[in-house]
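Subject: A structure for you to explore

Hi there,

Here is the structure I promised to hand over. Please open it beside this email and follow along as you read.

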Amino acid sequence: QVQLVESGGGSVQAGGSLILSCAHSRSTTGARCMGWFRQAPGKEREGVAVLQVGGSSTHYSDSVKGRFTISQDNAESTLYLQMNTLKPEDTAMYYCAAGGAYFAPLGRCSMAEYNYDYWGQGTQVTVSS
């Protein structure tokens, strides 16, 4: 059974930092892409950052570009999201996802949630002003 387990969420003041982790079984998922998505209350889930598994391609939403960094460990068993200069509008439930579609002409993974097959339970991030 595929499992994605997020950790690292919490409460922080604006301007602070958090690191989210997602433990997963790469060999089980066989995913080409992994990513972080978030959903704020009353809003749809949106892509935040995606990464090509085993490759170097990363892609970010405009709202987090320059502040967040997605990465994976060498064993490809843990996905990370380093979040700096956090803002109140970053408050949301953050989800790790695996699967995805890699768009070779664009050189990046999809940011659309329907392209991802496996999801974690989420970890809450709350940023206060």
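**What I found**

The protein chain exposes about 6,400 Å², and carbon and sulfur atoms supply 45% of that area. Accessible areas come from the Shrake-Rupley method with a 1.4 Å probe, and for residues only the protein chains shown count as cover.

A few words on the source. This is a predicted model, in which local features need pLDDT of at least 70 and side-chain atom pairs count only at pLDDT 80 or more, while totals for chains, interfaces and linings use all residues. Residues are numbered from 1 along each chain as its sequence is written, and side-chain values use heavy atoms, with hydrogens and water left out.

**The whole chain**

The protein chain has one helix and 13 strands. Here helices (H or I, at least four residues) and strands (E, at least two) are DSSP runs, numbered from the N terminus. Starting at the N terminus, the order of elements is β-β-β-α-β-β-β-β-β-β-β-β-β-β. The radius of gyration of the protein chain is 14 Å, close to the 14 Å that the globule rule gives for 129 residues, so the chain is as compact as a globular protein of that length. That radius is taken over C-alpha atoms, and the globule rule is 2.2 Å times the number of residues to the power 0.38. Along its principal axes, the C-alpha trace spans about 40 × 30 × 30 Å.

Of the 129 residues in the protein chain, 42% are buried. Buried means under 20% relative accessible area, exposed means over 50%, and partly exposed is in between (1.4 Å probe, protein chains only). Among contacts (heavy atoms within 4.5 Å) between residues at least 6 apart in sequence, 59% join residues at least 24 apart.

As for charges, the mean positions of the 9 positive and 10 negative ones are 4 Å apart. Lys and Arg count as positive and Asp and Glu as negative, while His and the chain ends are not counted. The place of a charge is taken as NZ of Lys, CZ of Arg, CG of Asp or CD of Glu.

Which residues of strand β1 (residues 4-7) are on its covered face? They are Leu4 and Glu6, while Val5 and Ser7 make up the uncovered face. Strand β1 pairs with strand β3 (residues 18-24) in the antiparallel sense over four bridges; two strands pair if DSSP finds at least two bridges between them. The bridge partner of Val5 in β3 is Ala23.

Ser7, in strand β1, counts as partly exposed at 39% relative accessibility. Although Ser7 and Cys22 are 15 residues apart in sequence, their C-alpha atoms are 6.5 Å apart in space. Not counting residues up to four places away in sequence, Ser7 touches Ile19, Leu20, Ser21 and Thr123.

Strand β3 also runs antiparallel to β8, joined by six bridges, and there Leu18 has Met83 as its bridge partner. On to strand β7 (residues 68-72), which pairs with β8 in the antiparallel sense over five bridges. Met83 in β8 is the bridge partner of Phe68. Strands β7 and β8 form a hairpin with five residues between them, and Glu76 in the turn has a positive phi of about 55°.

Is Thr78 buried or exposed? Thr78, which lies in strand β8, is buried, with a relative accessible area of 15%. Its contacts, leaving aside neighbours within four places in sequence, include Ser21, Cys22 and His24.

**Three loop residues**

Thr85 is in the loop between β8 (78-83) and β9 (92-99). Thr85 has a positive phi of about 45° although it is not a glycine, and it counts as partly exposed at 46% relative accessibility.

Gly30 lies in the loop between α1 (26-29) and β4 (33-39) and is exposed, with a relative accessible area of 52%. The C-alpha atoms of Gly30 and Leu106 are separated by 21 Å, with the two residues 76 apart along the chain.

Glu113 lies in the loop between β11 (108-109) and β12 (116-119). At 32% relative accessibility, Glu113 counts as partly exposed. Leaving aside neighbours within four places in sequence, Glu113 is in contact with Phe37, Arg45 and Trp119.

Enjoy exploring!

Best wishes
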